[in-house]
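This briefing sets out selected features of the model displayed below. Please read it alongside the sequence and the coordinates.

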Amino acid sequence: MATTWTEHLSRIKKWVRDPSGNVFGEPFLRRLWNDEQQQLVGAIGPAATVKAIRIHPEFYGTYTHDWEWPETDHTIGDVYPLGLFYDAGELTYTYVWEPESIKAANATTYEQGYVYTQPWEAWQCGDPFYPPPIPLPKDFDQAIYLAYDRSPVEPTSQREAMADDEQSWKTRAGDPITYWRDDKNSNWIRLYPLPTLTWQDTEEAQGDPDAAEYADVAVDVDNNLLIVYRAASVDVEGDFDTNSTLPEYFYKYIEYGVAERALRANTDGRIESLADYWGMRKKAGYEVIKRWKRLKLSDRDIGFKTKEAGISTSRPKYPRLPSTYPDAWV
Amino acid sequence: MNSLETSIIDLIGESSDSPDVYDSAGIDEIRSHVNDAIEEVCLITGCFKRVWQIPLKANCRFYRIPEARERFGWFYSVYLFGNKSVLSQTDFNGLDWVDTRWLQATGTPAYYAPIGYREIAIYPAPSSSADTLEINGIAIPKRYSEDSDKIALRASWKWAVVNRVVSEWWATRGDAQSAARYFQTYANEIGIPQMYPEQSERRWAYRTKGA
């Protein structure tokens with residue numbers, strides 16, 4: 001069973017010689033923990049994991065104005081901002097003709113498809129004005145591999161998708177070939193072209209997208225998104241929080257790092273010599289981690305090859321046309 | 001109290017025959033240190049191996065190595081038991097190069113790609129639920145909690161663990177100098193010659209093409 005924050009805290013208090021928490025408060029040590037945890041993830045190389053993502057995506061709500069945002073369920077999950085902001089009028093609008101109307105223009109510019117207020121409506125209307133966002137998991141950092149309905153989907157940028165298909169990039173439907181991220185601040189991606197959806201009235205019909213298709217968990221990834229990604233560190237917030245994406249046996253190095261920084265902070269508990277000791281322990285631990293990273297490749301056959309050897313020598317067997325197959329149709 | 005704990009208790013000035021602080025309840029603190037030390041020694045030396053056998057399921061290409069007992073460290077080899085064949089390690093670029101449609105192919109698994117530290121994708125996915133993956137991996141022992149629990153540690157590394165634990169004990173008492181001295185002893189004992197136990201027995205040589 002994974003160690004909880006309360007258990008880590010108890011050990012850290014012992015390292016910093018403050019078992020009753022008279023000098024170092026829990027919030028202070030937790031902030032240090034979250035920072036050190038992020039450093040550890042950086043040292044290990046972000047932990048990778050695989051998940052199936054539901055298509056259509058589910059959001060926890062919609063808001064139109066920024067002042068509405070604090071009232072939404074944004075702490076639980078993603079909320080969708082409806083509309084765009086028109087700076088000159090300081091207004092939020094839904095359709096492109098609205099700013100024209102405010103400026104007393106002809107207001108004759110229209111979207112190519114239907115405007116939706118919830119991303120799932122993009123599939124209901126069948127002809128959405130813009131590819132709907134698909135939120136990836138909260139701990140998503142960077143994609144390693146992404147597939148829709150078991151076929152690979154390559155990364156691109158919105159700019160490239162637009163340049164390749166100026167007329168219909170916003171509304172094109174079909175089997176997805178590429179995806180782009182909205183920006184680095186969010187975990188939203190857009191699939192292009194937009195896949196058609198085998199509409200499910202109930203969530204159960206789509207299986208549980210939170211679990212990947214491991215041997216003991218049957219999950220249907222057909223018509224859903226499968227993503228292998230590097231996971232970012234997720235801050236500890238509650239007493240019983242754990243982090244399951246990193247090996248449990250590395251967490252003691254975070255404890256050492258927290259002890260070092262706590263003992264070095266300008267508080268009544270400052271002890272430089274002990275801080276140096278825990279700093280040395282953390283450094284030694286990070287050397288262990290570096291070694292572990294190298295050893296993870298123990299079973300990999302890596303070799304140099306001359307140009308003459310070609311690449312076909314290690315090309316694996318996969319379905320090929322038989323040698324007797326005619327090379328030209330007559 | 002096992003022999004490791006007895007050695008530690010003696011070194012920190014407690015009586016191992018009738019401990020005052022580290023009795024049956026207080027010994028948990030020492031055990032926590034010992035478990036940390038054993039984990040680190042196993043990580044550095046890769047000294048503890050075990051086999052995980054995972055029955056394959058038709059059309060299923062992702063598997064997670066269970067950690068009900070030992071924790072998984074890293075892959076040493078992966079073997080397809082019934083088919084008597086070795087799976088080659090690759091990554092997602094490799095899978096993509098082998099077969100862009102690798103998520104659709106089924107057959108006899110020939111490749112595996114680690115995801116994170118204990119999850120793998122295999123290619124092709126097994127076409128039937130009729131074989132077993134035999135994963136030889138470096139394991140990190142389960143943290144022991146009872147006097148009689150098995151300790152997965154080579155006898156000659158026992159003192160390295162003892163010194164590491166005593167080092168931490170001194171740190172919790174505020175004596176950084178003693179803590180550093182014991183840690184240095186630990187570091188020397190777990191030094192480079194022992195870090196490659198298998199390689200040290202090998203004889204490395206160049207070979208001509210004709211040989």
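The model is predicted: local features need pLDDT of at least 70, side-chain atom pairs count only at pLDDT 80 or more, and totals for chains, interfaces and linings use all residues. Residues are numbered from 1 along each chain as its sequence is written, while chains are lettered from A and ligands numbered from 1 in the order in which they are written.

**Overall form of chain B**

- Chain B contains six helices and ten strands, taken as DSSP runs numbered from the N terminus (helices H or I, at least four residues; strands E, at least two).
- The C-alpha trace of chain B extends over about 65 × 45 × 25 Å along its principal axes.
- Of the 211 residues of chain B, 39% are buried (20 or more other C-beta atoms within 10 Å of the residue's own; exposed means 12 or fewer, partly exposed in between, with C-beta atoms placed from the backbone).

**Contact between the chains**

- In chain B, 40 residues are in contact with 40 residues of chain A, a contact being two C-beta atoms, placed from the backbone, within 7 Å.
- On the side of chain B that touches chain A, the largest share, six residues, is supplied by β3(B).
- That side of chain B comprises 21 nonpolar, nine polar and ten charged residues (Ala, Val, Leu, Ile, Met, Phe, Trp, Tyr, Cys and Pro count as nonpolar; Asp, Glu, Lys and Arg as charged; the others, Gly among them, as polar).

**A sheet in chain A**

- Four strands of chain A form an open sheet in the order β6-β11-β10-β9, with mixed pairing; strands pair if DSSP finds at least two bridges between them.
- The edge strands of this sheet, β6 (134–135) and β9 (154–155) of chain A, each pair on one side only.
- Strands β10 (residues 178–181) and β11 (residues 188–192) of chain A pair in the antiparallel sense over four bridges, and A:Thr178 stands opposite A:Tyr192 in β11(A).

**B:Arg207**

- B:Arg207 lies in the segment after α6 (192–195) of chain B.
- B:Arg207 counts as exposed because it has 6 C-beta neighbours inside 10 Å.
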